[in-house]
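Here are my notes on this model, point by point. Please read them with the structure open.

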Amino acid sequence: MAEQEPTEVDFWFDPVCPWAWITSRWIHEVEKVRPISVRWHVMSLAVLNEGKDDMPERYKDLMAKAWGPVRVAVAAEQKFGPDVLGPLYTALGTRFHDQKAERDRTLIENALAEAGLPAELADAADSTEYDEAVRASHADGIDRVGYDVGTPVISVRGSSFFGPVVSPIPRGEAAARLWDGVLLVAGTDGFFELKRSRTRDPIFD
């Protein structure tokens with residue numbers, strides 16, 4: 001029997017988003033049980049929320065700090081190619097969300113080291129040099145789904161969605177079932193959304 005060609009999946013993430021982190025760990029679970037090939041892309045909650053004056057001050061501060069990680073990710077992508085984004089996202093996200101580490105330059109340098117990347121890429125966090133590229137990558141994802149959503153965005157078989165937003169991380173057969181559902185709705189002409197209010201916080205276990 002011929003080996004099944006993997007289904008290509010494009011995944012846009014912002015490293016600081018806990019919901020995107022859970023979804024990304026789910027897609028890694030799917031890789032174990034379904035033939036898929038994931039391409040990672042940067043999007044930016046800071047860009048998405050520009051000009052929104054009604055945000056709480058705490059969230060405004062978070063958005064200001066959210067520029068650094070996406071700048072570093074795009075700098076790494078430009079210098080070493082798109083294949084570095086997945087490992088770098090894992091290294092950053094593990095520290096941000098699982099370890100609750102202090103979000104400073106040391107965290108970024110340690111994440112870069114884990115991903116096999118040079119520490120000087122951390123300089124990009126405080127530079128506007130890569131902002132145009134951040135915006136372009138963000139637009140590539142968000143233009144597919146509209147500006148009334150957030151991160152993550154996934155694109156598969158010509159359809160793009162915000163989400164899935166889920167907590168905790170589906171694993172094993174549960175991950176496979178959710179993926180099969182995503183493919184089902186992706187193949188349904190005119191499908192737009194299923195949604196309900198969240199009733200629990202992100203669970204990373």
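1. Asp-61 is partly exposed, at a relative accessible area of 40%. Lys-65 counts as exposed, at 58%. (Buried means under 20% relative accessible area, exposed over 50%, and partly exposed in between, with a 1.4 Å probe and protein chains only.) Both residues sit in helix 3, four residues apart, so about one helical turn separates them. Their side chains meet in a salt bridge, 3.3 Å from N to O. (A salt bridge is a side-chain nitrogen of Lys or Arg within 4 Å of a carboxyl oxygen of Asp or Glu.)

2. A word on the model. It is predicted: local features need pLDDT of at least 70, side-chain atom pairs count only at pLDDT 80 or more, and totals for chains, interfaces and linings use all residues. Residues are numbered from 1 along each chain as its sequence is written, and side-chain values use heavy atoms, with hydrogens and water left out. Helices (DSSP runs of H or I, at least four residues) and strands (runs of E, at least two) are numbered from the N terminus.

3. How many salt bridges does the structure hold? There are 12. One of them pairs Asp-180 with Arg-34, with the closest N and O atoms 2.8 Å apart. This pair links distant parts of the chain: Asp-180 is in helix 7 and Arg-34 in the loop between helix 1 and strand 2, 146 residues apart. Asp-180 is partly exposed at 32%, and Arg-34 is partly exposed at 24%.

4. Glu-50 and Arg-135 also form a salt bridge, at 2.7 Å from N to O. Here too distant parts of the chain are linked: Glu-50 lies in the loop between helix 2 and helix 3, and Arg-135 in helix 6 (residues 131–142), 85 residues apart. Glu-50 is partly exposed, with 42% relative accessibility. Arg-135 is partly exposed as well, at 34%.

5. Look next at the largest pocket. Its volume is about 1,700 Å³. (On a 1 Å grid over the protein atoms alone, a pocket is an open set of points where a 1.4 Å probe fits, with protein on both sides within 12 Å along at least five of seven lines; lining residues have an atom within 4 Å of a point.) The lining has 43 residues, with Phe-162, Gly-163, Pro-164, Val-165 and Lys-195 nearest the centre. By type, 24 are nonpolar, 10 polar and nine charged. (Ala, Val, Leu, Ile, Met, Phe, Trp, Tyr, Cys and Pro count as nonpolar, Asp, Glu, Lys and Arg as charged, and the others, Gly among them, as polar.)

6. The second largest pocket holds about 450 Å³ of space. Lys-65 returns here: with Ala-66, Pro-69, Arg-103 and Asp-104, it lies nearest the centre among 21 lining residues. Helix 3 gives the most to this lining, 10 residues. The lining divides into 11 nonpolar, one polar and nine charged residues.

7. Helix 4 (residues 85–98) reaches 19 Å from its first C-alpha to its last, close to the expected 20 Å. (The expected span is 1.5 Å times one less than the number of residues.) Is helix 4 mostly covered or mostly open? Mostly covered: 10 of its 14 residues are buried. Leu-85, Tyr-89, Arg-95 and His-97 are among them. Lys-100 follows helix 4 and has a positive phi, near 55 degrees.

Note on methods:
Points joined across faces, edges and corners; volume = space filled by probe spheres on them. Expected span 1.5 Å × (residues − 1).
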